[in-house]
Every structure is written in C-alpha cells, then in structure tokens.
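Please keep the sequence and the coordinates in view while reading.

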Protein chains: 2
Amino acid sequence: MHTQLNRRMTKQRHIIIEELRKVTSHPTADQLYEMVRKRLPRISLSTVYRNLETLSAEGMILRLDVAGAQKRFDATVENHYHIRCNHCGRVDDVHMEPINEIEEIARRRSKYQSVSHSIEFSGICPDCFGRG
Amino acid sequence: MHTQLNRRMTKQRHIIIEELRKVTSHPTADQLYEMVRKRLPRISLSTVYRNLETLSAEGMILRLDVAGAQKRFDATVENHYHIRCNHCGRVDDVHMEPINEIEEIARRRSKYQSVSHSIEFSGICPDCFGRG
DNA sequence: ATCAGTATTGCTAAGCGTTTGCAATTAGAT
DNA sequence: ATCTAATTGCAAACGCTTAGCAATACTGAT
Ligand SMILES: [Mn+2]
Ligand SMILES: [Mn+2]
Ligand SMILES: [Zn+2]
Ligand SMILES: [Zn+2]
C-alpha cells in the first residue's frame, strides 16, 4: 500500500520545475527564485524553498548538499557526480560511471550497514583558468 | 621565503588542540567547546571557532565540511575518508587507500584543472543497527 | 625582570542560508 | 458551485558561524 501524498500542482510549483529544467547550472534556491520571479513576480522565497524541499523528497528533482556551501538543485535525477570550481563556485556534471565497489570496501572496513557514497570533485573550471 | 605568521600559543589554543587530540569522534565546534570548558570555564565559543579556523588553515588539524551539517574537526591530518551515520550523525574514519585515479578521469571528462576529490560515505553505524 | 607592541581574547551583535507559524488563498475532488 | 485541505506570502525565528571592539596577555627585544 502506498502513502497518499495529495500533492497539488500550483502555478508556483509548475514554474519552479520548468525553470529548473531549463538550466544545467545547478542553481541555488535564491538563484532559482530570481529566475522564477521573472515569470511570477509575487512568489516568495519561502515558496521556492518549500517546493524544492518537497520535490527533492519525492525524487522529482535532486538536492545537492555541497560541503560548506549553499544547497544546489538539479533537474537531472539520475545518479551522477559533480565538480565545483574553487574559484567561481560553479558546479558542473562529471559524466562517469558511479564507482559502487568502494561502498563494499567501506562497509567492511567501517562495520557500517547500508553504505552509500557521494563524491565531490573540485578544481578550476575552464572559464576561470582562462581568465587567471 | 616563508610568510611570517606570528602565532602565539595561548592556553586556550593549547587546550583546544589537546582536547581534540584526545578523541577520535570528529567533534563539532560546540562539542569541543563543551570539552574545553571543563578545563577553561571562561573560554568563549568564538575563541574555539577562531582557533579551529586558524589551526585548520595552517594544517595543524583537519576541518571536515560535512554536506548539509555542522563542520567537524579532526586531529588526524593525514588524508583519509569518513563515514557518517544517517541515524545518529556520528562520524567515523574509513581506513582505505585514497583512490586518486578518479581525479584523472574527472579531469578529462570535466575539462577542469587541478582536480581533487572528497568522498563521504554514509550508512548505519554499529550502535544504531543494534538498537535500531 | 621589565617593557612595548600586537595577536588574541571574551563579549555581543550581526550575518547568512534556511525553516517555521499563521492567516489568507486556491487546487482539485465531489 | 461548494468544500476542504494543501499551499501560499509574509514575517519572524532559527542554527551555525563570523565580525567588531575594547580589554588582556603572549612573546621578542631591551
Ligand atoms: Mn548535475
Ligand atoms: Mn578522521
Ligand atoms: Zn570557475
Ligand atoms: Zn549511529
């Protein structure tokens, strides 16, 4: 049996999803707020936060918990890695197969159960090492 | 030529390092504050934060920027991975060799330079799946 | 041992990203 | 068209961390 969710498709929610799907830039909540605001000037930042939260909880979108930085959001829900620029902070996809073997190693070494992993790459993006 | 640092060894700084070295629990700033407070009741939380910041900047200790959670600190500065319990939040070491090969893969796929990586494992710790 | 100069402290207030409480609104089922 | 619970906008609160500042106390030089 499946828990009833009773979700409604408000215009706010609809446009938030739509705007997120337009970009590959992994925007933060407030960046997305500015994008959405162009089409819905009266939307509140809380509404953006709330929807990003519920949508990611449902698996409709992906929430990236970047270490020591703002959360970012991603319309691509397939499991993939990211790389962050140490200079300008932008986040890009890294197209490589997830290395799930390490989870088994970690499970044995740590005695933890249900081990999962996340990798965060960082470096200098092409734009930043061009301009110094 | 080496930049002059002019660091002083205050009793606060000394005891912060000492208390951090006593544990393997990767305490947060406020947890360490409570530990230090037993020996220096008049120390302020700011002082703990400031020292953890400067000590980690110097490489004396390690700052763990946990995704979506409080920063944690580690007296073991050698590069190693960590695993976090999804249930109680505790952080343990994972003793395995760093897999630096993935950085080269990420570099090629992403076009970023000076690529580094961090892995964060998560799961259920032995204490939690016992009582879970 | 004393001194001077500045790194560091404790206190407090501010910062930042995010969450929450609540009355008003509205989607969507009947 | 009516009803009701989900959702909204606004504002205020939140949790963690940083910053401003006058008072203190290391430390290298005298
Ligand atoms: Mn992505
Ligand atoms: Mn460790
Ligand atoms: Zn960049
Ligand atoms: Zn646990």
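**From hairpin to interface**

In chain B, β3(B) and β4(B) form a hairpin with five residues between them, and B:G89 in the turn has a positive phi of about 85 degrees. The pairing of β3(B) with β4(B) is antiparallel and spans four bridges; two strands count as paired if DSSP finds at least two bridges between them. Within this pairing, B:R84 stands opposite B:V91 in β4(B).

The model is a predicted one, in which local features need pLDDT of at least 70 and side-chain atom pairs count only at pLDDT 80 or more, while totals for chains, interfaces and linings use all residues. Residues are numbered from 1 along each chain as its sequence is written, chains are lettered from A and ligands numbered from 1 in the order in which they are written, and side-chain values use heavy atoms, with hydrogens and water left out.

The manganese ion (ligand 2) is coordinated at 2.0 to 2.2 Å by B:H26 (NE2), B:D74 (OD), B:H80 (NE2), B:H82 (NE2) and B:D93 (OD). B:H82 lies in strand β3 (residues 81-85) of chain B and B:D93 in strand β4 (residues 91-94) of chain B, so this pair ties together parts that are eleven residues apart in sequence. Donors are N, O and S atoms within 2.8 Å of the metal (3.2 Å for Na, K and Ca); because water is not among the atoms, sites may look incomplete.

In chain A, the manganese ion (ligand 1) is coordinated by A:H26 (NE2), A:D74 (OD), A:H80 (NE2), A:H82 (NE2) and A:D93 (OD), at 2.0 to 2.2 Å. Along the chain, the donors of this ion follow the spacing H-x47-D-x5-H-x1-H-x10-D. Distant parts of the chain are linked here: A:H26 is in the loop between α1 (11-22) and α2 (29-37), and A:H82, 56 residues apart from it, is in strand β3 of chain A.

Chain A as a whole has five helices and five strands, in the order α-α-α-β-β-β-β-α-β-α from the N terminus. Elsewhere in this chain, A:R39 forms a salt bridge with A:E18, the closest N and O atoms being 2.7 Å apart. A:R39 lies in the loop between α2 and α3 (45-58) of chain A and A:E18 in helix α1, so the pair ties together parts that are 21 residues apart in sequence. A salt bridge is a side-chain nitrogen of Lys or Arg within 4 Å of a carboxyl oxygen of Asp or Glu.

How do the two chains meet? Chain A and chain B bury about 2800 Å² between them, 62% of it on carbon and sulfur atoms. A:R109, A:Y112 and A:Q113 supply 22% of the area that chain A buries against chain B, more than any other three residues. Buried area is the accessible area (1.4 Å probe) that two parts lose on being put together, summed over both. Two salt bridges cross the interface, and in one of the salt bridges the side chains of A:R109 and B:E97 meet at 3.6 Å, N to O. The strands β5(A) and β5 (residues 113-124) of chain B run antiparallel and are joined by nine bridges; A:F121 has B:H117 as its bridge partner in β5(B).

Conventions. Helices (H or I, at least four residues) and strands (E, at least two) are DSSP runs, numbered from the N terminus.
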